[in-house]
Amino acid sequence: MKRTLGTCYYPEHWPEEIWEADARRMADAGLTWVRIGEFAWSRLEPTQGNLQFDWLDRAIEVLGKAGLKVVLGTPTATPPHWMVEKHPDMLAVDVNGHPRKFGSRRHYCFSHEGFQLESDRIVQLLAERYGDSPYIAAWQTDNEYGCHDTVLSYSNAAKKAFGLWLARRYGSIEALNRAWGNVFWSMEYASFDSIDLPNLTVTEPNPSHSLAFRRFSSDQVVAFNKRQVDIIRRYSGAPISHNFMGRITEFDHFKVSDDLDIATWDSYPLGFLEDRVGATSEHQRLYARQGDPDFQAFHHDLYRAAGNGRWWVMEQQPGPVNWAPYNPAPLSGMMRLWAWEAYAHGAEAVCYFRWRQAPFAQEQMHAGMLRPDNADAPALIEARQVRDELHDAPDVETSPAPVALIFDYDADFAWATQPHGAGLSYFQLVFEAYKALRSLGLSVDILRGETRDFSGYQIVAAPGLIYMSQDLKKALAESNAEVVLGPRTAARNADMVIPVPLPPDMPGLEVTVARVESMRPDMPMPLKGGGNLVSYREELEGAAGTFLELEDGQIAAMRQDNLTYVGGWCDGLAWKRVFKMLCDEAGIETFDLSGGVRCRDAGNIRIWTNYGASPSDTPAGRIDAAGVLFERL
Amino acid sequence: MKRTLGTCYYPEHWPEEIWEADARRMADAGLTWVRIGEFAWSRLEPTQGNLQFDWLDRAIEVLGKAGLKVVLGTPTATPPHWMVEKHPDMLAVDVNGHPRKFGSRRHYCFSHEGFQLESDRIVQLLAERYGDSPYIAAWQTDNEYGCHDTVLSYSNAAKKAFGLWLARRYGSIEALNRAWGNVFWSMEYASFDSIDLPNLTVTEPNPSHSLAFRRFSSDQVVAFNKRQVDIIRRYSGAPISHNFMGRITEFDHFKVSDDLDIATWDSYPLGFLEDRVGATSEHQRLYARQGDPDFQAFHHDLYRAAGNGRWWVMEQQPGPVNWAPYNPAPLSGMMRLWAWEAYAHGAEAVCYFRWRQAPFAQEQMHAGMLRPDNADAPALIEARQVRDELHDAPDVETSPAPVALIFDYDADFAWATQPHGAGLSYFQLVFEAYKALRSLGLSVDILRGETRDFSGYQIVAAPGLIYMSQDLKKALAESNAEVVLGPRTAARNADMVIPVPLPPDMPGLEVTVARVESMRPDMPMPLKGGGNLVSYREELEGAAGTFLELEDGQIAAMRQDNLTYVGGWCDGLAWKRVFKMLCDEAGIETFDLSGGVRCRDAGNIRIWTNYGASPSDTPAGRIDAAGVLFERL
Amino acid sequence: MKRTLGTCYYPEHWPEEIWEADARRMADAGLTWVRIGEFAWSRLEPTQGNLQFDWLDRAIEVLGKAGLKVVLGTPTATPPHWMVEKHPDMLAVDVNGHPRKFGSRRHYCFSHEGFQLESDRIVQLLAERYGDSPYIAAWQTDNEYGCHDTVLSYSNAAKKAFGLWLARRYGSIEALNRAWGNVFWSMEYASFDSIDLPNLTVTEPNPSHSLAFRRFSSDQVVAFNKRQVDIIRRYSGAPISHNFMGRITEFDHFKVSDDLDIATWDSYPLGFLEDRVGATSEHQRLYARQGDPDFQAFHHDLYRAAGNGRWWVMEQQPGPVNWAPYNPAPLSGMMRLWAWEAYAHGAEAVCYFRWRQAPFAQEQMHAGMLRPDNADAPALIEARQVRDELHDAPDVETSPAPVALIFDYDADFAWATQPHGAGLSYFQLVFEAYKALRSLGLSVDILRGETRDFSGYQIVAAPGLIYMSQDLKKALAESNAEVVLGPRTAARNADMVIPVPLPPDMPGLEVTVARVESMRPDMPMPLKGGGNLVSYREELEGAAGTFLELEDGQIAAMRQDNLTYVGGWCDGLAWKRVFKMLCDEAGIETFDLSGGVRCRDAGNIRIWTNYGASPSDTPAGRIDAAGVLFERL
């Protein structure tokens with residue numbers, strides 16, 4: 001498959017006189033795609049009803065005529081000030097009850113009906129006008145849903161919508177009170193519209209309440225996005241995408257993607273390392289200029305799943321950014337490496353954000369492909385190298401992976417509601433399993449929680465699925481794969497209540513979790529043979545066989561037929577041992593990758609990357625610091 | 001005396017069909033007491049005036065007929081949602097001015113008159129109905145006053161009540177302005193009703209103002225509790241209790257207890273270790289599965305004093321809890337050890353919280369004596385062991401202690417108002433002195449600040465009593481005990497103003513505190529002979545003799561006749577040296593206990609406990625990890 | 001020049017009977033100055049319009065007749081409670097939108113017109129009554145503008161005033177939108193009065209917006225102060241001062257000082273070390289009882305500049321204070337040393353705060369020259385020593401310094417708006433350069449950013465001047481001094497937008513900053529020859545010569561003629577090397593001072609001070625711990 005490059009461009013930021021030169025320079029650099037428009041509402045409609053689309057017409061034409069394919073974004077992430085004056089209550093409200101004011105972006109509550117109608121209107125206007133433009137090759141809805149913690153809003157609009165959502169889900173208030181166990185602490189409600197949002201309570205709210213609010217909030221994002229998609233589809237046949245943001249888990253990206261044609265995400269390896277990877281300080285120091293070796297790969301696999309195989313990097317970090325606690329420059333070569341990592345995982349396109357560094361406003365210290373003075377920045381130079389390599393390199397295809405890993409947003413909502421031990425999160429749990437798989441040199445498919453067909457996989461890992469439906473239990477038990485479960489598998493029913501019989505209550509697996517505990521991070525429980533359970537642990541009992549033991553003789557993991565249950569939070573070595581044993585049994589080849597070297601199979605080639613700051617040896621030969629190596633398989 | 005066991009039960013959480021089996025199983029396990037009802041308001045009165053007491057009638061009868069004695073709780077810690085809708089301003093308000101919303105518990109302001117009347121009404125209804133029930137053997141008012149930081153409320157109701165409280169205390173606004181020194185920074189008020197609550201000020205408020213607000217807030221709890229007690233007494237002769245929570249010091253537990261018959265407290269050794277003991281990280285790691293060796297003992301002694309000898313553990317941790325940052329499982333044997341520690345200190349009853357783990361709502365991860373699937377949990381098994389031991393063991397009586405330690409809530413309010421050095425607290429000061437006494441193997445009586453008769457004690461320690469009335473000074477000076485004073489003794493008058501002559505101005509003790517200072521914790525001031533003053537220090541002058549010296553020759557403590565004044569915050573070794581010297585002089589036997597071994601005299605026996613994770617030697621023989629040893633005296 | 005001593009006195013705190021004895025004792029101790037009145041509004045006007053000036057008449061007369069010169073403060077930092085009841089919206093509003101309530105001090109918003117008129121009124125009353133008093137020798141406006149974070153207020157009054165300020169600055173809303181780049185994220189405004197304050201935005205606001213708000217807020221302080229000055233001048237010829245507070249940088253002290261005759265500041269070396277110096281924990285431990293060796297000196301030089309040579313220490317720490325996290329006692333001798341440090345830098349007067357320790361209210365734990373019981377406190381004893389030394393010592397004059405260092409409040413606003421890396425601040429940058437200069441034994445003049453005449457200086461350092469006007473660039477380039485620029489020099493235009501050509505765009509210096517980055521503090525970039533760039537770094541290119549190189553061969557600093565540009569944040573050693581090289585070239589004598597020894601030239605003498613806790617050797621001989629040494633030059 002042909003892999004492509006692109007960039008993000010803001011014609012409204014620059015004098016019209018330079019658009020043409022910009023477009024030509026993009027094309028010359030080998031860029032295929034240019035995304036525009038997603039923050040331009042105040043220029044499209046400076047005052048209410050005063051529509052100014054001419055400049056956009058001309059910008060699209062200039063870009064299109066230069067041979068570029070345009071991705072047109074809807075501008076709903078940046079409602080203009082006049083709209084906030086018209087709907088003062090459209091602002092989201094933070095957990096302390098403070099409105100989140102105008103002055104940056106994403107200052108809207110997904111539940112506000114007035115804003116929903118404004119969104120419909122502007123999307124309709126754009127779709128009508130550009131739906132059949134020959135230059136519009138794709139659409140993007142809004143921008144980075146959930147960025148800046150914007151999914152959960154404690155507004156009156158959200159309260160009202162939450163009541164309606166609950167009424168639809170539970171039918172009667174008695175059913176809700178029963179399902180949530182509201183008899184506890186006399187928390188029973190008399191009607192759906194009397195239910196408060198779960199903020200500012202004296203101590204923690206009922207976890208059933210919190211989880212419901214998280215699910216509702218996720219559904220509001222899905223519904224908001226679907227309104228835009230439905231409108232666009234009426235006027236345009238071009239594929240529709242959204243650019244998800246790394247490690248935003250407050251809404252279900254799979255469900256949003258169900259309404260899209262292409263899933264894309266915004267990949268900022270250095271920014272993420274600082275504030276989202278969850279790494280130790282030492283790891284952050286080691287990879288400060290390269291990014292975590294697995295974080296991007298994880299998201300690549302995630303969005304390949306979300307997009308049913310069609311996915312892009314819509315924004316690729318081009319140099320230092322402005323928004324992390326510290327913003328170092330990437331090691332020379334990383335902008336190329338990141339692109340190849342994306343292609344190795346099946347990206348159709350990698351678009352660098354942004355074309356020219358803006359000298360003004362919030363992102364003035366965010367690098368671009370051009371410097372503010374129009375000189376080439378390193379990203380442009382490395383993009384040209386990728387362009388040449390794409391021309392010369394063998395085709396990059398997406399290999400079927402032997403191993404699957406389930407990632408389920410609903411499970412993340414449940415863990416966020418109830419981490420049980422300080423700092424524990426579902427994302428971190430799954431990501432650490434992923435890191436272990438990848439450090440074994442394995443290619444991985446990420447699967448959503450709704451998956452029922454596991455054919456083709458030899459190993460399926462499903463850690464931390466705190467709620468598991470009967471049919472998923474059945475599908476896993478009956479699959480041909482070795483299935484890795486636990487911790488907390490099926491620990492709650494759909495309403496966040498402990499089921500009886502006790503978890504996991506899995507057909508074909510005689511294991512019961514008798515008791516759970518969370519521990520200080522400095523109290524690891526060592527496993528016989530290496531590795532530890534840390535921070536969280538379950539006491540297992542039952543007739544299944546012992547798979548792993550603690551040094552003190554207690555059971556750490558059990559196994560029966562194709563089902564393995566891990567009773568705790570594994571550290572990296574423990575995960576690696578679990579997967580290595582199962583791979584060896586299944587005859588799956590593994591490597592023992594250390595430092596920053598990783599690989600991914602991509603059709604007839606295996607693509608090696610080195611996130612380390614010094615050269616390293618791989619089974620395919622020596623690889624430079626920040627290097628990429630293509631091994632024919 | 002006969003020591004008993006009990007549990008806490010929520011019939012409203014379970015199908016009525018299983019109540020009888022539950023009751024029988026409790027009785028079989030040797031339980032005497034069952035506490036019920038304290039969170040059931042929404043089931044007793046689902047909508048306003050719609051009273052539903054039948055189910056409670058039946059529950060009491062089922063339990064009583066099984067031979068259990070019922071403790072009936074008033075449900076005022078959990079006002080139903082309809083009441084909050086009726087009185088929206090009944091919610092407490094936090095220090096930032098945000099109402100503390102419905103959705104958990106304790107969502108009321110003690111000063112709200114509407115809620116006070118609702119409380120009167122439901123208590124009256126319960127007392128009328130069950131006042132002469134043969135099965136109701138005790139009462140509990142409300143639940144854990146002050147838990148979740150619920151004493152200080154910055155509501156309008158509190159502002160109004162505070163003004164009235166001040167008017168009663170000071171008589172005229174001129175007297176208040178004078179007493180507080182409001183001339184400073186022009187803080188003078190024109191009337192009592194214009195006095196603001198001391199939150200959200202630009203910089204810290206006047207300490208006299210803050211202290212008055214803390215005293216007022218404490219009095220509001222006392223008054224609220226007394227209303228309930230007065231009503232119950234009109235209908236019932238059964239003893240009345242309240243279950244205090246560990247290390248809650250925002251109100252005066254002695255004054256609340258003055259209106260009760262029995263003081264009880266809720267003992268969660270592992271939860272407390274995580275977030276209330278104030279221990280080092282290493283200490284927390286060492287005792288993560290056992291709890292601090294002294295924290296429970298301190299509270300046992302405290303509530304024995306509060307209850308005038310009658311006290312219980314109303315809630316005993318039965319396994320992992322849900323609410324601490326980390327929630328490990330106790331070492332096997334600890335649920336038994338904790339019970340014996342309580343009996344050793346004179347507890348009449350130890351009730352495990354709760355009978356069966358609730359699968360729903362906030363405490364779903366809080367262990368019970370039964371698992372959610374009805375299987376025995378470790379607490380039940382260890383409780384049965386205690387039952388058998390109680391049957392076989394010698395009688396446990398409360399020995400008179402040779403050493404007394406004063407704990408005064410008003411002093412805690414004053415230190416909280418003005419710690420002077422970051423992190424210093426009165427509770428911590430007294431608790432560290434207690435730890436030193438207990439590590440010497442001493443049995444200790446805790447005395448309230450109002451005590452005037454010290455006969456029987458050879459040593460009385462009264463550290464940190466920042467205000468000391470003339471008659472207490474006199475009583476201590478004239479007692480036959482060796483009295484240990486300082487730091488900050490009598491450092492302020494009753495209105496939080498420095499007295500002249502300078503502190504401590506103690507009859508019979510020629511010591512003056514010339515200057516005070518607080519230091520970084522990493523600047524210990526070493527004592528000649530071992531130990532340090534840390535964090536806080538006073539320059540002493542006067543004709544009294546030098547008792548301890550710093551290595552640089554400055555005076556650290558002085559002594560005259562039976563009065564010893566310590567001019568600083570002692571570390572553990574310094575306290576131990578002070579007490580050891582006084583014990584040696586007085587001929588009191590001491591041990592040098594290290595690790596987790598402790599002892600308490602209990603009539604004719606000395607009860608040894610080992611909080612360590614490995615066996616240890618004691619003067620009475622070898623003791624297992626988590627073990628209990630009975631030594632005949 | 002004659003150097004003098006003084007104190008701060010609050011007659012309203014003490015019985016009138018003791019005023020005379022106090023005054024006599026002050027005079028006997030050699031004090032010249034006594035400041036009074038600055039918090040007494042509630043005593044001057046207990047209720048609205050009820051003026052009570054008689055007591056102040058008498059106090060001034062008592063003090064004056066004892067031979068003391070009175071500094072009279074306006075009481076506007078402490079508006080009485082009745083005024084807040086009259087103008088409830090006069091309170092400042094914090095960043096979270098909460099009003100900052102009555103109950104301490106500085107509870108007013110500079111932008112509130114009603115309060116401005118109240119301030120005018122009370123100042124007029126004081127000026128009329130005391131303008132020609134023979135005893136009033138100086139005035140002080142208000143007290144410590146900006147203390148307790150009181151410059152930035154998010155009130156409605158501030159919003160309205162900000163809109164007017166912006167209208168004056170930009171003329172048209174289109175100009176503002178263009179200057180700020182509000183096209184970015186559709187942040188365009190339709191009118192000046194619709195512009196929100198930059199708090200509670202979803203993510204960071206536009207830096208142009210934030211910077212404008214900071215400049216506006218600074219101007220509001222300047223304007224408020226000028227109203228007071230203008231009124232006083234109509235009635236009095238005595239010099240007018242304000243007492244600035246250490247490391248308060250939210251408003252421009254130079255601009256406020258332009259309206260004053262004398263700049264004064266409040267020097268609390270130990271309190272500042274704890275919470276303002278920004279030192280490592282180890283440094284804080286080492287100097288806990290002495291204060292940072294350079295922090296006071298920096299401010300002395302700063303206020304000498306602000307006052308055009310006329311400056312005082314209006315409040316000198318006299319012992320332990322009450323307000324820092326930890327409040328240790330100074331080493332014996334420090335109260336003398338601090339006074340001599342001030343004189344060495346040209347202070348006309350050093351006034352100890354306060355005369356007698358107040359036993360009540362917020363500062364009851366703040367030492368005075370007298371203890372609460374009237375005994376001499378150490379400050380009084382050391383002040384007497386200074387009095388005697390002043391009598392005997394040679395005259396202390398202000399030497400011209402060979403080195404100048406620019407400090408510009410507007411640059412601090414810009415760095416605060418956009419630190420780029422966590423924890424970076426302009427003050428810290430300049431202060432670290434200052435420390436390096438002082439550790440070379442150099443006397444330094446601080447210059448404001450508006451300086452254009454650099455004659456007389458051999459070296460001018462101007463680090464971090466993020467905006468630099470064309471005429472300042474020209475003045476520096478054309479000066480005869482060696483000029484040290486960078487990092488971030490001229491990195492933004494006046495509206496916080498990156499200029500093109502890229503920075504620094506300095507005439508005569510062919511250097512371009514191609515890219516900038518911020519790094520974790522644990523990623524130092526070592527320089528060849530010693531020292532590091534840390535936390536922030538720039539890639540330099542251009543024809544200028546290389547001045548410093550990183551160990552990896554990259555350029556760290558460049559130089560061309562008299563202009564040196566440093567491309568990053570230097571650590572102490574790096575700064576020291578830069579300045580040492582330039583001094584050696586220029587033939588300026590330097591020392592290599594280590595530990596706590598420092599010196600300052602003062603006319604014909606060099607004054608050595610030792611902030612260390614042990615004696616040390618200097619080129620002028622041995623110096624005691626906490627000692628002062630006078631070397632004749």
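**Close-up views of a predicted three-chain model**

The structure holds 158 salt bridges, counted over all chains.

View 1. A:Arg227 pairs with A:Asp120 in a salt bridge whose closest N and O atoms lie 2.7 Å apart. For chain A the average pLDDT is 97, and 100% of the residues score at least 70. For the complex, the predictor reports an ipTM of 0.97 together with a pTM of 0.98.

**View 2. The chains around the rotation axis.** Chain A is superposed on chain C by a rotation of 120 degrees with 0.0 Å of shift along its axis, and the RMSD is 0.0 Å. This is therefore the relation of a three-fold axis. Among the residues of chain A, A:Asn96 comes closest to the rotation axis, with its C-alpha at 5.5 Å. Chain B can likewise be laid on chain C by a turn of 120 degrees and a shift of 0.0 Å along the axis, with an RMSD of 0.0 Å, and of the residues of chain B it is B:Asn96 that comes closest to the rotation axis, at 5.5 Å for the C-alpha. Only 2% of the interface residues of chain B are also interface residues in chain C, so the copies meet through different surfaces.

**View 3. The interface of chain B and chain C.** Here 47 residues of chain B are in contact with 53 residues of chain C. The area buried between chain B and chain C is about 4500 Å², and carbon and sulfur atoms give 57% of it. Of the area that chain B buries against chain C, 18% is supplied by B:Trp185, B:Val202 and B:Arg520, which is more than any other three residues supply.

**View 4. Polar and charged pairs between chain B and chain C.** Three salt bridges are found across the interface of chain B and chain C. A salt bridge is formed by C:Arg371 with B:Glu541, their closest N and O atoms being 3.1 Å apart. Residue pairs in polar contact between chain B and chain C number 27, with both residues at pLDDT 80 or more. Strand S14 (residues 509-518) of chain B gives the largest share of the side of chain B that touches chain C, namely six residues. Sorted by class, that side of chain B has 23 nonpolar, 14 polar and ten charged residues.

**View 5. The interface of chain A and chain C.** In this view 53 residues of chain A are in contact with 47 residues of chain C, and the two chains bury about 4500 Å² between them, with 57% of that area on carbon and sulfur atoms. The salt bridges between chain A and chain C number three. C:Glu188 forms a salt bridge with A:Arg43, the closest N and O atoms being 2.7 Å apart. Polar contact joins 27 residue pairs between chain A and chain C, both residues being at pLDDT 80 or more. On the side of chain A that touches chain C, the elements that give two or more residues are helix H2 (41-44), helix H4 (81-86) and helix H11 (281-286) of chain A. By class, this side of chain A is made up of 21 nonpolar, 18 polar and 14 charged residues.

Technical notes:
Residues numbered from 1 in each chain as written. Chains lettered and ligands numbered in written order. Predicted model: local features only at pLDDT ≥ 70, side-chain atom pairs only at ≥ 80, totals over all residues. Heavy atoms only, no water. Contact = heavy atoms within 4.5 Å. Buried area = accessible area lost by both parts, 1.4 Å probe. Salt bridge = Lys/Arg side-chain N within 4 Å of Asp/Glu carboxyl O. Polar contact = N/O pair within 3.5 Å; in protein donor to acceptor, adjacent residues only side chain to side chain. Helix = DSSP H or I, 4+ residues; strand = E, 2+ residues; numbered from the N terminus. Nonpolar A, V, L, I, M, F, W, Y, C, P; charged D, E, K, R; others polar. pLDDT = per-residue confidence, 0-100. Least-squares fit on C-alpha atoms with pLDDT ≥ 70 in both.
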